[in-house]
Amino acid sequence: MMTTQYGFYIDSSKCTGCKTCQLACKDYKDLSVDVNFRRVYEYSGGTWQADGDTWRQDVFAYYLSIACNHCADPACTKVCPSGAMAKHENGLVRVDEEVCIGCKSCAMACPYGAPQYDATKGHMTKCDGCHERVAEGKQPVCVESCPLRALEFGPVDELRQKHGEIGAVAPLPPQHFTHPSLVIKPSRKARPSGSHEGVLGNPKEV
Amino acid sequence: MGWNEWPLILFTVISQTAVGAFWWCCLALIGADLSSEQRQRLERNMLLLWVMMGAAFALSSFHMGSPFRAMNSMLRFGQANLSNEVVFGGAFAGLGVVYWLLCLRNASSAGVRRFVLLLSLLCSAAFLWNTISFYLMPTVPTWYTPLTPAAFILTAIMGGSALACVLFGLSGISEPWLLRNGPAVLTCIAVVAAVVVTILQATSLAGIQSDIHRATALSPDYGILMAARFALFFVALALWLSQLPRAGALSTAVCTSSIVLIMLGEMIGRGVFYALHMTVGLV
């Protein structure tokens, strides 16, 4: 079943938080109001600091566009009682909407908020990596929509060779929990995962 | 407070109470020297446990978005804790009903009945353990702690002892000492253990945070809710313990009040447990 593991690359140094990716996905997948397969997290912080007789600020803010990271060791599939949540071709984690019972266990376990309960459907839904588009040789719709060209999708080994090994900055969890198929080019002001230096700037949007 | 998870609050507290009471019943049926009338009445009264398990499972279906697909929850038996929980919970109650029917119809030999009872006992332990294991998710730091098994097992002990006391009362069992006073004594010990668990949890929450969530912010009323929980326990114990020095059987009405208060207290505690859900990341 397992072939090449596909994953996403996010250039957080380019991302302006415009949310075109989020809306392109929402439109393409025809998602209801409360469901967002891709969400843009704004992480911000900083304060005034005394510098001799003067004060300087070290405020920062940056964006992370996060969908499902199609983890190599997913937390969601382990807890799923029906097997609806499973890894498929290209290492993509998908939910079989004909089997899922809507128990929300996967949503409890996933630290990225990827599995989303759709109340109108009565079961879980999530980013499937636009596997049908990928099978036709196209890119996922979020990647294609990004006006900054800040998103890429492909075999994660290739993405890592091209862009490096970083797969976590704050507020993402350390990679060892689920081994996300995610490569990040951090913003200049990015804080390391677990540094607790900032806050989520847009809690009502994610 | 995690009231939005009310089906799971009711399911876990009711089913764990039934498991704990079942353990006391097994002790009485296997370990104690009951008269044949006491044994017969207890065996019949144990129907209450299976009604409770049925109600617990029915209530849990309100947690599911697609309850008509409930059977799919067993598809990963042997691999997923939730599947194991459903299968062992169903087997525990199913075997319990078989035992109840065998006793009611006076069918089969005592040996076969005891075998069914022991099989049900094994399933009850497997059920409780898989319920606990489900919540031990490494990505959920507020649940991934020894305090989770402690809390769930204490529910079985406290609720189960109080319920067993009611069942014993209804079955006319007022001897030996172990069955008359044992449940109350064990519940006292369990309540002390619950105080320790709560203190440990309250102090540990301060150290649990992700980059965007703090465990202490998840249940801002933690203190007052736990105070209410223990107030219910202490009233239940006061009522219950006041019965012990008296001669003869314990008052069933008082024991029933105690079990109701203890279950209400545990439901508050379980509500706090679900409110404390957070992950190591964005959720």
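Two strands count as paired here if DSSP finds at least two bridges between them, and helices (H or I, at least four residues) and strands (E, at least two) are DSSP runs, numbered from the N terminus. By that rule, strand E1 (residues 6-11) of chain A pairs with E11(A) in the parallel sense over 4 bridges.

A word on the ground rules. This is a predicted model, in which local features need pLDDT of at least 70 and side-chain atom pairs count only at pLDDT 80 or more, while totals for chains, interfaces and linings use all residues. Residues are numbered from 1 along each chain as its sequence is written, with chains lettered from A and ligands numbered from 1 in the order in which they are written.

**Chain A overall**

Chain A carries 6 helices and 12 strands. Its radius of gyration is 18 Å, which agrees with the value near 17 Å that a compact globule of 206 residues would have; the radius is taken over C-alpha atoms, and the globule rule is 2.2 Å times the number of residues to the power 0.38. Along the principal axes, the C-alpha atoms fill a box of roughly 65 × 35 × 30 Å.

Of the 206 residues in chain A, 45% count as buried. Buried means that 20 or more other C-beta atoms lie within 10 Å of the residue's own, exposed means 12 or fewer, and partly exposed is in between, with C-beta atoms placed from the backbone. As for contacts (C-beta atoms, placed from the backbone, within 7 Å), take those in chain A between residues at least 6 apart in sequence: 60% of them join residues at least 24 apart.

**The E10-E1-E11 sheet**

Back to strand E1. It belongs to an open sheet of 3 strands in chain A, ordered E10-E1-E11, with mixed pairing. Strand E10 (151-155) and strand E11 (182-185) are the edges, each pairing on one side only. From one strand to the next, the twist averages 20 degrees. While E1(A) is parallel to E11(A), its pairing with E10(A) is antiparallel, over 5 bridges.

E1(A) is largely enclosed by the rest of the structure, because 5 of its 6 residues are buried. Lying across E1, E10 and E11 of chain A is helix H6 (residues 156-163), which runs at about 125 degrees to E10(A). For these angles, axes are lines fitted to C-alpha atoms, for helices over the stretch in contact, and values run from 0 to 180 degrees between N-to-C directions.

A:Phe8 makes a handy landmark: it stands opposite A:Leu182 in E11(A), and its bridge partner in E10(A) is A:Phe153. Also in E11(A), A:Ile184 stands opposite A:Ile10.

**Another strand pair**

Elsewhere in chain A, E2(A) and E5(A) run antiparallel and are joined by 7 bridges. A:Ser44 stands opposite A:Ala61 in E5(A). Strand E5 (residues 60-66) is mostly covered, with 5 of its 7 residues buried.

Two cis peptide bonds and two positive phi angles are worth a look. Here are the angles.

| Site | Feature | Angle |
|---|---|---|
| A:Ala170 to A:Pro171 | cis peptide bond | omega near 5 degrees |
| B:Glu175 to B:Pro176 | cis peptide bond | omega about -5 degrees |
| A:Asp30 | positive phi, not a glycine | phi about 55 degrees |
| A:His196 | positive phi, not a glycine | phi about 55 degrees |

A:Pro171 is in the loop between H6 and E11 of chain A. B:Pro176 sits in the loop between helix H6 (147-170) and helix H7 (177-180) of chain B.

**A helix in chain B**

Helix H3 (residues 47-60) of chain B has 14 residues and reaches 20 Å from its first C-alpha to its last, close to the 20 Å expected at 1.5 Å a residue; the expected span is 1.5 Å times one less than the number of residues. Its buried residues are B:Leu49, B:Trp50, B:Met53, B:Ala56 and B:Ser60. Seen down the axis of H3(B), they fall within an arc of 115 degrees, so they line one face of the helix. That arc is taken from the directions from the helix axis to the C-beta atoms. An α-helix has 3.6 residues a turn, so residues three or four places apart point the same way. The buried residues of H3(B) pack against helix H1 (6-31) and helix H4 (81-104) of chain B.

Note on methods: Two residues are in contact if their C-beta atoms, placed from the backbone, lie within 7 Å.
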